[in-house]
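This briefing describes the packing of one protein chain for a reader who is new to structural terms. Please keep the sequence and the model in view while reading.

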Amino acid sequence: MSVSILKIYEKLYDLYGPQGWWPLMDLESENLSKTGATHGYHPLNYNLPETQKQKYEIILGTILTQNTAWTSAEKALLNLKDLDAIHPEKLLALEDDILKEAVRPAGFLNQKSVYLINITNFFISMDGRTPSRKEILKVKGVGNETADSVLLYAYNQPEFVVDAYTKRIFSHLGLVDEKTSYMALKKIFEDNLPVNVPIYQEYHALIVEHAKRYYRKKPYHNILKL
């Protein structure tokens, strides 16, 4: 399995190159070879986020992108930016109806507005400290995928992010069962890869890119012949 996991990573990287996740609104850089949104990505720059504001923006994005495309989450983030609310205290000071309207493009506005408040209070409570996975999972609105996204992209912690695309691709390749749980699939990747934040970031992003091109609808096209 270890050879397959590494081999697939290498093939995906050869196909699509560095992805530069997580996108940040104020970055001028782009990844024009990406499918979908291209702005704010930073290929080969693994030093981000550099500021608390960037870290907070990523955390907000992990909530907003739940069950929706990044392009929709990005519209909600831009709305919050226009309100000067990419600051924890300023977001908490927004009136409920204004916050909900800002969140609207990302869908589930009632739910996500509450989740944004929850994660914001948690972010403030950390006071600059990196949370543990166990701590962040206690925040209402944060599940496994969101927790790992926060830790990997906002805090540069080696937590592999699994999403629906991951299971779709690797079950189609016959490497895992369709019913494999989130934590079991996460463990497979972490057991068979170097403990390396850039690799974890790139691999997750490359899986998404590949799935958008070849795994959106059946029949799936397998160009990753092992």
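**A buried residue and its contacts**

Setting aside residues up to four places away in sequence, Ile169 touches Ile207, His210, Ala211 and Tyr215, where contact means heavy atoms within 4.5 Å. The model is a predicted one, in which local features need pLDDT of at least 70 and side-chain atom pairs count only at pLDDT 80 or more, while totals for chains, interfaces and linings use all residues. Residues are numbered from 1 along each chain as its sequence is written, and side-chain values use heavy atoms, with hydrogens and water left out.

**Helix H9**

- Ile169 is placed in helix H9, which covers residues 164-172; helices are DSSP runs (H or I, at least four residues), numbered from the N terminus.
- Ile169 has a relative accessible area of 1% and is therefore buried; buried means under 20% relative accessible area, exposed over 50%, and partly exposed in between, with a 1.4 Å probe and protein chains only.
- Between Ile169 and Asn222 there are 53 residues in sequence, yet their C-alpha atoms are 8.8 Å apart in space.
- Thr166 also lies in helix H9, and with 0% relative accessibility Thr166 counts as buried.
- Apart from neighbours within four places in sequence, Thr166 is in contact with Val161, Leu185, Phe189 and Ile207.

**The largest nonpolar core**

- The largest nonpolar core has 70 residues, of which Leu60, Leu64, Leu80, Ile119, Phe170, Phe189 and Tyr203 touch the most other members.
- Helix H11 (residues 197-214) contributes the most to this core, namely 9 residues.
- Such a core is a set of buried Ala, Val, Leu, Ile, Met, Phe, Trp, Tyr and Cys residues joined through side-chain atoms within 4.5 Å.
- Not counting residues up to four places away in sequence, Leu64 touches Ala73, Ala76, Leu77, Leu80, Val103, Ala106, Lys112 and Leu116.

- Val139 touches Asn118, Ile119 and Phe122 when residues up to four places away in sequence are not counted.

**Helices H2 and H8**

- Helix H2 (residues 52-64) packs with helix H8 (residues 144-154) at an angle of about 155°, and their axes are 9 Å apart.
- Axes are lines fitted to C-alpha atoms, for helices over the stretch in contact, and angles run from 0 to 180 degrees between N-to-C directions.
- H2 and H8 are therefore roughly antiparallel to each other; angles under 35 degrees count as roughly parallel, over 145 as roughly antiparallel, 65 to 115 as roughly perpendicular and the rest as oblique.
- Lys55, Ile58, Ile59, Thr62 and Ile63 of H2 make the contact with Thr146, Ser149, Val150, Tyr153 and Ala154 of H8.

**Helices H5 and H6**

- Helix H5 (residues 96-103) and helix H6 (residues 109-126) pack with their axes 9 Å apart, at an angle of about 110°.
- H5 is therefore roughly perpendicular to H6.
- On the H5 side the contact involves Leu99, Lys100 and Val103, and on the H6 side Leu109, Asn110, Lys112, Ser113, Leu116 and Ile117.

Conventions
Helix = DSSP H or I, 4+ residues; strand = E, 2+ residues; numbered from the N terminus.
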